[in-house]
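Here is a short report on a ligand site and the strands around it. Look at the model first, then read on.

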Amino acid sequence: MVAAIIGGTGIYALDDMKLHRETVKTPYGDVNIERTDQLVFINRHAPDHSVPPHNVNYRAHIKALSQLGVSRICATFAVGSINPEFDLAVPVILNDFIDFSSGRKHTFFETLKDAKGHVDMSVPFCPSLSTALKTEAAKQNLTIRSGGVYASTNGPRFETPAEIRSYRAAGADVVGMTLCPELPLAKEAGMSYAGFAYSINWGAGMTPNIELHTENIDDIKAKMLAVMIGALRNTNDDQCQAAPIL
Ligand code: HPA
C-alpha cells in the first residue's frame, strides 16, 4: 500500500527520512517525486517553488501517483481565511469545497466511450483519513480546526472584496488556488484524499490590503507533515473507499 503527501507552499519531505528521487513518466508529462517504499512526496509547486497555481500539471501529478500504486493522499494548502472565526495559522481539516476555477485541465475523462465519467463527490474528503489526521494532531499537540469549506479560485491574482463576500455567502471558510482540480482528479483516479489548509492572510476586503503572515509557521508546517505521515501510517486502503464513478 503506497500513500502520498502533496505539499503546498513550503512543505517538503522530512529531512530525517531516507528518500530517493525519481522521475515518473506519464502521458501528461514527467513528474519529479521523492519517495520511500511506502510514501511518495510531491511538492505541488516544484521544489524551487517555480510553478504558479494555474500552471501546475495536476493531471501529471495524479497520474504519476496512480502509476506508483498510490491510493491515499494527504495534501496541504496555503489559503486565506474568509470566515472571521477561522484564525490564521490554525490548520483546518477540510471537509468540502466549491470550485470557482476555470480553464484548467480538470478531468481524465475526455470521452464518454466507457459511459463512465461522472465521479460522485458527495463525500469529497475521506472521513477515515480526516479522522486519522484529527487523532494524530491531538497526539502531536497540533491545534487544528476540524471541518471547513475551501473556495478554489484560479489565481494567480488575489480576489476582490466582492468575490470574497460572495464566496463567504456561498458557504466557504477559506480561499485558495490549488485544491481544484487536484482533488477531483484524485477521485477520478480512485484515490482517497484528505487535506490541511493553513491560513496565511485574511481574504481581500477583510483588511485594508492583503497582508501575508508567513513568519513563525515553520513549526506548524513541520507538525502538519508529521501528522500527515502518522495519519497515513495508521489508515489503510480498506478504511478509505474510492468514490463511485457513474
Ligand atoms: N486567496 C487565494 N489564495 C490564497 C490566499 C488568498 O487570499 N492566500 C493564500 N492563498
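## Residue classes at the site

Ala, Val, Leu, Ile, Met, Phe, Trp, Tyr, Cys and Pro count as nonpolar here; Asp, Glu, Lys and Arg count as charged; the others, Gly among them, count as polar. On that basis, the shell around the ligand has six nonpolar, three polar and one charged residues. Keep in mind that this is a predicted model.

The shell is made up of Ala-78, Val-79, Gly-80, Phe-158, Glu-159, Val-175, Gly-176, Met-177, Ile-200 and Asn-201. Glu is in the charged class, and Glu-159 is part of this shell.

From Glu-159, a polar side-chain atom lies 2.8 Å from a ligand nitrogen. Gly-80 places a backbone N or O atom 3.3 Å from a nitrogen of the ligand. For Ala-78, the distance from a polar backbone atom to a ligand nitrogen is 3.4 Å. The protein buries 94% of the 260 Å² that the ligand exposes when taken alone.

## Strands that supply the shell

Three strands each give at least two shell residues: strand 5 (70-81), strand 10 (174-176) and strand 11 (192-202). Which strand gives the most to the shell? Strand 5 does, with three residues.

Why is strand 5 described as largely enclosed by the rest of the structure? Eleven of its twelve residues are buried, so the rest of the structure largely encloses strand 5. Buried here means under 20% relative accessible area.

## Pairing of strand 5

Strand 5 pairs with strand 11 in the parallel sense, over ten bridges. In that pairing, Ala-75 has Gly-195 of strand 11 as its bridge partner. Strand 1 (residues 2-7) also runs parallel to strand 5, over five bridges. There, Ile-6 is bridged to Ala-75 of strand 5.

With strand 10, strand 5 pairs in the antiparallel sense, over two bridges. Gly-80 stands opposite Val-175 of strand 10. Both Gly-80 and Val-175 belong to the residues around the ligand.

The structure holds four aromatic pairs. One of them joins Phe-77 and Tyr-150 in an edge-to-face arrangement, 5.4 Å centre to centre and with 70° between the planes. Phe-77 lies in strand 5 and Tyr-150 in strand 9 (residues 149-152), so the pair ties together parts that are 73 residues apart in sequence. Phe-77 and Tyr-150 are both buried.

Technical notes: Residues numbered from 1 in each chain as written. Predicted model: local features only at pLDDT ≥ 70, side-chain atom pairs only at ≥ 80, totals over all residues. Heavy atoms only, no water. Near = heavy atom within 4 Å. Polar contact = N/O pair within 3.5 Å; in protein donor to acceptor, adjacent residues only side chain to side chain. Areas by Shrake-Rupley, 256 points an atom, 1.4 Å probe, with all protein chains shown as cover. Helix = DSSP H or I, 4+ residues; strand = E, 2+ residues; numbered from the N terminus. Buried < 20%, exposed > 50% of the residue type's maximum accessible area, 1.4 Å probe, protein only. Pairing = 2+ DSSP bridges. Phe/Tyr/Trp six-rings, centres within 6.5 Å; stacked < 30°, edge-to-face > 60°.
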